[in-house]
Each structure stands twice: as C-alpha cells, then as structure tokens.
Amino acid sequence: MPKLTIDGREVEVEQGTTLIEAARRLDIHIPHYCYHRGLSIAGNCRMCLVEVEGAPKMMIACHTQAADGMVVHTDNDKCREFRASILEFILVNHPLDCPVCDQAGECKLQDYYMEHGAAGSRLDEDKVKKRAKAKQIGPNIMLDTERCILCSRCVRFTDEITHTHELGITERADHSEITLADGAWLDNRYAGCVVDICPVGALTDRDFRFKCRVWYLTAVDSICTGCGRGCNIAIHVNRDRPHKAGGARVMRYKPRENPEVNQWWMCDEGRYTYKQIDHDRLTEATVEGRTATVEEALDATGAALRKAGDAVGVLVATTATNEELYLARALFAGALGGHAAYLAPPQGEADDLLILADKAPNTRGAQEILGEQAADPVAWVKEKGVKAVVVVGEAELTGLKAEVDHVAVIATHPGKATEQAHVVLPGSVHAEAEGSFTNLAGRVQRIRVAVPPIGGAVETWRLLMELGDRLGHPFDFAFEDDIFAALADQLAPFAGLSHESLGRRGAPLGSGTTQPAEVA
Amino acid sequence: MENVARKPGTVTPAGAPKRGPLSFWERIYVVEAARGVWITTVHFCRNMWRHTLHLVGLAKDKQAAVTVQYPEELRYVPPRSRTRHRIVRREDGSPRCVGCMMCETICPARCIYIVAEEDPDPNIEKRPKRFDIDLGMCVFCGFCVEACPEDAIRMDTQMVDLAAYSRNGMILTLDQLLAGEPAAPREATNALGERVHG
Amino acid sequence: MWIDVAIKVGLAMVMMLIVINIAGIHSWVERKQSAVIQDRWGANRAGFTFRAPLLRWLNPVMRPIIYLGLLQPLADLMKLVAKENWSPVGGMKWLHASAPFFYLLFAFVGFSAIPFGDTLHVAGRDISLQVAHLNVGFVFIFAMAGLGVYGIVLSGVSSNNNYAFLGAVRAASQMISYEVTLGATVIGIVMVYGSLDLQEIVRGQGALLWGWLPKWGVFVQPLGCILFFTAALAETKRIPFDLPEGESEIIGYFTEYSGTKFGMFMLADFVETVMVAALTTTLFFGGWQFPYLHASGFVFPWGAQVAVGHYGVVAIQVISFLIKVVLFCWLLMTIRWTLPRFRYDQLMDLGWKRMLPVSLANIAVTGLVILLIEAL
C-alpha cells in the first residue's frame, strides 16, 4: 500500500490508485475536464497537471499512479500558473457564447476560469470557426463544435458504456471536432448522458434547451420511477420563476452517482419521465363524476367503506411508496380486517445496462409489504368477496365497477382506473412527497419532496391517513418517516432501517439488522 | 422644560449655531410661541400678497410657491437619469437581446420576465420569445443595463411619466420595449410649454 | 308653549349651522393656509369640467372654484362616505360604531350654553340668544367636554388594537390633566364676574374699567387667559398637543377607523376647535360684546354717542361674536402650522407641574385683589 503526501498531508491508498483519486480521499479537488471516473483515462486536457517532487516535469494527476513516498503539490504557484496557461490554451478558440449557452452556470470552463484563469485574451488572430454551430446529432442532443474542448468524454462514453460508437473526433489540430460516424444518429437509449458528462456547453439537451437558466434550479435528491432499477437522480425544480416553460415546475432529471445502482448514468426513457409530474394531472376530487372537495370525497368513501364492514379491499399499484403500501396494509388488512394486494406492474423491454423489464419503481417493496399480487383485479375482488375497494395508483380495471358497491381511486393522472371510480381522490407523485422505494435488487432508497402537491392534490399518504380517521382507525403519524419507522418495526426485512439511515444512497433490505443484531 | 436646554459644550450638529442655556423668557415658551406665530403669519401674508399680485399679472418674477404644477409644468430630467427601458434593435429590426436572462437574474425587484426560444439563425441561436418588464415593480436601479452582455437593454428613453389605469397596464411587452427610442434630456417647461430654467 | 319650543329649535338650528359651517370651512382653510405658509399651492385640482353643450358656460365659473380648491372638502366628504363601513375583526362592533357618535355629540352639545348675542326683543318676546340658558352654563360645558373622553376611550377599547388602546389612554390622561387646569383658570373669571352663567359673564364684560377699557376677561385675567387658551388647545388635541392622534407617526385612538366614522372624528376635532375659539371669546374677549356698544347704541368714552336701533345692536353683537370666533380659529390654525409637537413627558410636566400651580396661584392672587378692591 503506497503512502504518499499530497499538499503536506499523508494518505495511504491501494496500489494502482491515481493521484486524482488519492487527492479526492483528502477532499482535495484537482481541476480536470477529460477525466471521468466512469470512463477510461484519456489524459488529453492537461488541466490536472500537478507537481510531483523529483519528477522532471508536471504530471497529470488523472493518469499518474500513486507510489510510496511521493510528495505531490496540487495548489502551489507552479500548479496555478500551469492551470492558467492550460486554460488560456483551451480558451483560444472557445467562443464567447456564455449568454446563449445553456451550460452557463454549471460549466467547468466558467468555473475554472473564474478560479484559475481570469486573464484577458492574448490572441491576435481570428478564432477558428468550426463547420457548424448548433447542429442536431440525435433526437435529443444538440452539438456545438465551437464550444467543444475535445475532452473526448462523449466519445469514450459511446465506446465504453453503450458500445454504440456513434461519435468520433475527425480533422487535425485546431480543426478537430466531434463528428457523428457515417450514417450514425446519436439515438442510443443512454444518449442523454453525454450531455451530463460534457464539461462545457458543446452537447446540450434539446428538451432542456433555453427553457430555464440552471441557476434558477434547485436540485432535490430522488429516485427515477421509470423502472425497477431505481436509478438515483436529482430532480431539478424551478421554484421561483413560474413564467418559464409554460409554468412547468420540474425542469429536468439529472442522474446522481450511486455505485451500487446506476453508477453515473440513466436512460433517456427515465430521464424524460419528469414530464409526467406536471402534465395532465388530477387536481381535484370527484364524486360520481362531479367535482367535490377532497373532504367530501373522503367522507363519501369513508361512508361506503364503513357500510361494507370487513368486505373491504385495497389494490395498490407498484408506483406507491413503501410508506403508502404500509398504510394501505395497516388500515385495510390490519385494522379493518379486509384484504390488500398489489397490482401487477407494467412490463416492457430490458437491456443489459440499466433498463429493467419491470416498469414500476417499487414492485419489490409491494412484494415485501403486501405479499399478495392481484394479477386480475376484477377476479381478485370477486374471489375475496370485496364490496368496497380503494385503488391506489393506475391500473386496468375494466368491469370492476359492476362487481363492487364502491370504487375509490387515489390517482395522479386520469386514466383507466379513474374511469371505473365512484370517487376519485387526487394523490401525489413521487416528487411531491417524502418516502422510499425498494428497487428490484432489494435496495431501499429515499425520495424527497421537490414540489408541493399540484393544485388541489394531497399527498397520497395523507389521504390514506384521512381515510383511517374516517373509519375509526386514526394513525398518529406526523411525518412520512414516522410511517417508515412503524414499517421497520413490523416487517423483518425493513427492521433497523430508517429514513435517516437510508441516507442519499439507500441501503439493502435486511442490512438494518445485520450489524446491530450481532451486537445485541 | 429645562431638560430641553442644551448644556454648554454638548455636541451640536455641524454648522449649527451653538446654543447656550435658555433664558427665562424662552423657557416660559409663551413669548417664543408668539414669535413663531408671528413668523408664520408674516410668511402667510407675504405669499398671499404675491399670489394676489400674480393673479393680476404683477411680480411674476417673485415666487409665491416653490411647487411645480406637474402635468402642466415639467421639470428638467438630467441626461443620465435612468428612465423607461428600451430594447436595442439589430440592423434588421430584430431585438439585440439573446435571452441570456442576466437582467432577469440580477433584477432585485424581479420585474423582468423572459422566455427564450430558438432563433432560426444558428449564429444567433437564442432570442427572447417573451420579454416583459413590470414597471409597477421596477425600482429603476439600472442593474439590468449593467448586467446585459449584449448592450441590448438601455434606460435612455427619457420617459419618466409612467402611469396606467391597471397593474397589467404597467407591464411593458417586447414590442413596446423595441418601440422605444433614445431621447434628448427633457427640458423644464412652464404651464405654457415654454422652456424655463429649473 | 309651542312657540317657545320652536324658538329653541330655531336657536339650536342657527347654532348648529354656524358651528358646522365653520368646521367645514375649517378643513379648506387649514389646507390652503398651510400651503401658503409653506410656499405651496394647496388643493387646486378637485373639480370637474362640463362637457354638455348646455352647461359649458359654467366652466369659466368653475375654474376659480377649482383653482381655489373649494371643492376639495366635498371630494373629501365623498371619499369618506363612499368608503367601506368597516369594523376591526375581534373588536366590539357596536361600541366601535357608537364611539364617534359619542365624541361628536359631546362636542356639539357644549355649544348650547354659549351665548352668541344679548336678549332679542321681538314681537313682545324676550329671546336670549343662547340655546340653553343655564345658570351653570360654564360647568355644563366642562362636563360635556369631559364626557368627550368617553368617545375616545370607547374607540380605543373597542378597536381590538393595542396601539389604538394606547392612543386612547394617552388621550384620556391628557384631557383629564388639562381639564384640571382649564377649570382652575376659569375660576378667576367666575370670581371676577360673580356668576357661572355665561350670559351673565358676557354681560359683565360690557362694563368699562377706568371709564375707557372694556372689562374683558383678557384685561382682568391676562394670565388666566393665556393658561386657559393653552389648556384648551391641549384639550382639543391639536398640534402641539396632538400626541393622542399622532396623525402619521405614533398612531392614535382612531387607528382602526375609516370612512364616515373617521370623518366624524375629524369633524368633532374641528368642532372642538370652534368650541375653544367660542369659549375663549366668551370668557376672555367679551363674547358678543362690541367695545362701547350699549343697548341704545355706541357711547364712546369721550362722550360721543351714535344711536343704533335694537335689531342693529343685536346684529352687531352676533357678527362681533362670529368675527372673534373666526379670528381665534385662525390663530389656532396658525399655531398648528408653527409649533412642533411636545414629547409626552413634557406634556405632563407642563400640565401638572407648571400650569396647574400657576393657575392655582392665579386664583389666590385674584381673590386677594378682589378682597383689596372691596376693602378699599
């Protein structure tokens, strides 16, 4: 194990660790463009040059392996001078596009220029104009070759992660530019990731283009609901400028690093599911098709459920959080003596990188908490003799209304379930409530509130608690984490877990008991 | 009221005459009050006399009131005053603004609303689809002018008479902003529209 | 019997008319006077132009009226009356609505004891030009002025607002403090003229001192006059004693009032000003007396006589009274635009530690002098 000194501090790292990673252990950030932990090392931007004592010249921190006794300086005058020079070199042909560039505000060129460069241009010649500005290279991707600093991250991504090889670098010297391969179109299922990894504004997302400035956005940790993988994401919300993008609150998803789940990536399919959050939402309750207040709707359902006695049931879609599933179970299967089952998750295509066939975020959670699946809801209702049923989420329910006296649906979007309902209650989507999902691999991960429930919608867990009040079984949970605590208390796989212990990256089922159990 | 009396040597505002302890007649206040009333009355009589003279067309050079009767009389607006905004046009008449939202970001009153869109010319790339300034909220700080990287927004129309019958009427749209022209500083005029020194 | 009632009602109407008109014009005069004092123009916009061809000729007539701001009080009135009749949430609605009535009522009632002329002989009747001929007229006026505190305290209490309540408490303590001085200063007058009846006091002022100086209160009680005027000023809560209202800064008892109810407070304030002017006139400046005017006409000290008929004498008396009242109103307003406001501790200091002892001393000295004169 080599032991080295970086900026006067000693650190011991595994054999083969690069200097940039060794510095990261010490929370020392070495500026870089081409280096990305998920990709191979290119070493072409030269931004990460550091001084290693005894070495004849500056070394690139991203490709120099730590060796025993090495003394590294990352922030002395020489390093700063080199960085300023490298930046000046990179910026020679970079256009002054910041006002129109979507990357402005999260651009590494801007950041490092302010930190290390901040010098005037010494270029007397005209800047080299590349062939095209703002060129579409894929269904969602725009390329601006003038802004490109040729770090080759995107090329390596298509080579190493998706193995689709759409991109390459052509021409020589300062005429080099990123080009699509002959006949190629950047339309692979992870193409959006090239925008995320592009350190400058060369690759931009057509969907996000010009909608909003990035400094208006607030990032909230969450989980993608596109499939059972549970990719870690940040929901970028625009809270203060409602005139942007037609009043949309959620502007985009960005993948969040989680080595256990999605590394640094997410698929385009999941990336654009954010549109569902603001699009075509249910914003008011209805009773028998007439608009009603949420209270009236809850009263109507409460009365119907009371009348049905223990012939009540709940069908929960696998889009519900663990907390909502637990409340449904505790109220219907527990307190009321009725029945609870989960609805079959929608199925789709899968691939060998991230995308799974199960297109719901919490199928594993439903399995763990409710256990029973109602593959055919109508048959299930008939079999159990249920007279009043509450459906949480979206499902194919044709014919259900004929079988029971009362159908209440807690839904977020109008759909097949709401068509079958006597009472429709507007619930919350994942961006509007705290909670947790359990991905198919059994990892419990938190979602956070990014925006308040839209219009007259109410958090789904609150609606279930209100129903409990009306049925004489009040819950005394004040917040979502209280519900999770009760869940962890009652279900073995969740034992020992809490919202706090899940943290930003989640924890596998059963992990809450492994260590403490031995101690006890 | 001896507590009002200034002790000798206490700090007085710069330029203020140093006041010693109050005399007996000052302290009983009645005389001082009467003197005050006298000053007020003299002022009243002087101004009233001048007003009366003005009515019959005399002594016009002696002011009776210092107020400017606004809609009829106008005050001088200095050339560097920050006045109503305008958006500068390119040679082809399109807005020079590229919708970078710097002004919107810097605006302390949050009175600028910009929605950007793709410009058909890839060398311009971005243009404002909507550019509204809510003058009802604007504080005329001029930060937007300072922040603009394209010199596209200026406050040199010399328009200061901004009023509307509704809040919506105070919102300037892109077209109105583009229609603004730079103007010469406004001169002071009297009720007859004649130039005066003011 | 009925004719007596009709005469009383008539007198009351005349008095009301005088008071309300003076109070109404007050608001206009206050605006314009302050403007001229402060080098401004004052109200000169309120008005309208006729568009109808038949009425266009009125426009030149309207122009000076607009220019002088004469329609401004009307515009104010329209605005106040058109405002929402609002009462504060959590306040005592009924009391809140009735407080301005109490205040205005007590401000008006006092006038019934003020004589604005001597006895009028008409159609074989003797009509005393005074609404209510009271033996204790002067005590009655002070009683009514004292009751005015009620309206203020009620407004403060019923507003459900701490600031309004504090304003009311300030107002009440101020009024009570200065009422003591007010009463004490008038004792001197009562001692000199030997009556509580205001008509008698005014008649007493018709006498001459040393054969040429009218025996007005101001000449026999100069100190009392100044003290009375100051205390009365404080009683009306006008600048420099306007702490209870503190119109724009320290907010007072009518914080929670708007519209007509607020207008009533304002009107009552003006009425009180007129009251102070009328009282000062009555007690210290001869009331309706005109120097050297007797029942038969003018008798000058140097012996010249001008005969004036009975109706002429009464008319001169009434006009003389009115002119004096208007002059005092003017003085009160000038003071308003001259002096800055007192601090509250200064206000209390002035009332209790200075004016009250001096007014008590004044009584003693007056008594001594009367005793000496009688002994001689």
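How many salt bridges are there between chain A and chain B? The count is five, a salt bridge being a side-chain nitrogen of Lys or Arg within 4 Å of a carboxyl oxygen of Asp or Glu. One such pair joins B:E125 to A:R147, with 3.0 Å between the closest N and O atoms. By class, the side of chain A that touches chain B consists of seven nonpolar, one polar and nine charged residues. In this scheme Ala, Val, Leu, Ile, Met, Phe, Trp, Tyr, Cys and Pro are nonpolar, Asp, Glu, Lys and Arg are charged, and the others, Gly among them, are polar.

The model is predicted: local features need pLDDT of at least 70, side-chain atom pairs count only at pLDDT 80 or more, and totals for chains, interfaces and linings use all residues. Residues are numbered from 1 along each chain as its sequence is written, chains are lettered from A and ligands numbered from 1 in the order in which they are written, and side-chain values use heavy atoms, with hydrogens and water left out.

The two interfaces are set out below. Contact means heavy atoms within 4.5 Å, and buried area is the accessible area (1.4 Å probe) that two parts lose on being put together, summed over both.

| Interface | Residues in contact | Buried area | Carbon and sulfur share |
|---|---|---|---|
| Chain A and chain B | 17 of chain A, 22 of chain B | about 1700 Å² | 52% |
| Chain B and chain C | 25 of chain B, 24 of chain C | about 2000 Å² | 64% |

Between chain B and chain C there are two salt bridges. C:D39 and B:R46 form a salt bridge through their side chains, at 3.9 Å from N to O. The side of chain B that touches chain C comprises 13 nonpolar, nine polar and three charged residues.

Chain C contains 12 helices and seven strands, taken as DSSP runs (helices H or I, at least four residues; strands E, at least two) numbered from the N terminus. Its radius of gyration is 23 Å, close to the 21 Å that the globule rule gives for 376 residues, so chain C is as compact as a globular protein of that length. This radius is taken over C-alpha atoms, and the rule is 2.2 Å times the number of residues to the power 0.38. The C-alpha trace of chain C spans about 65 × 60 × 50 Å along its principal axes.
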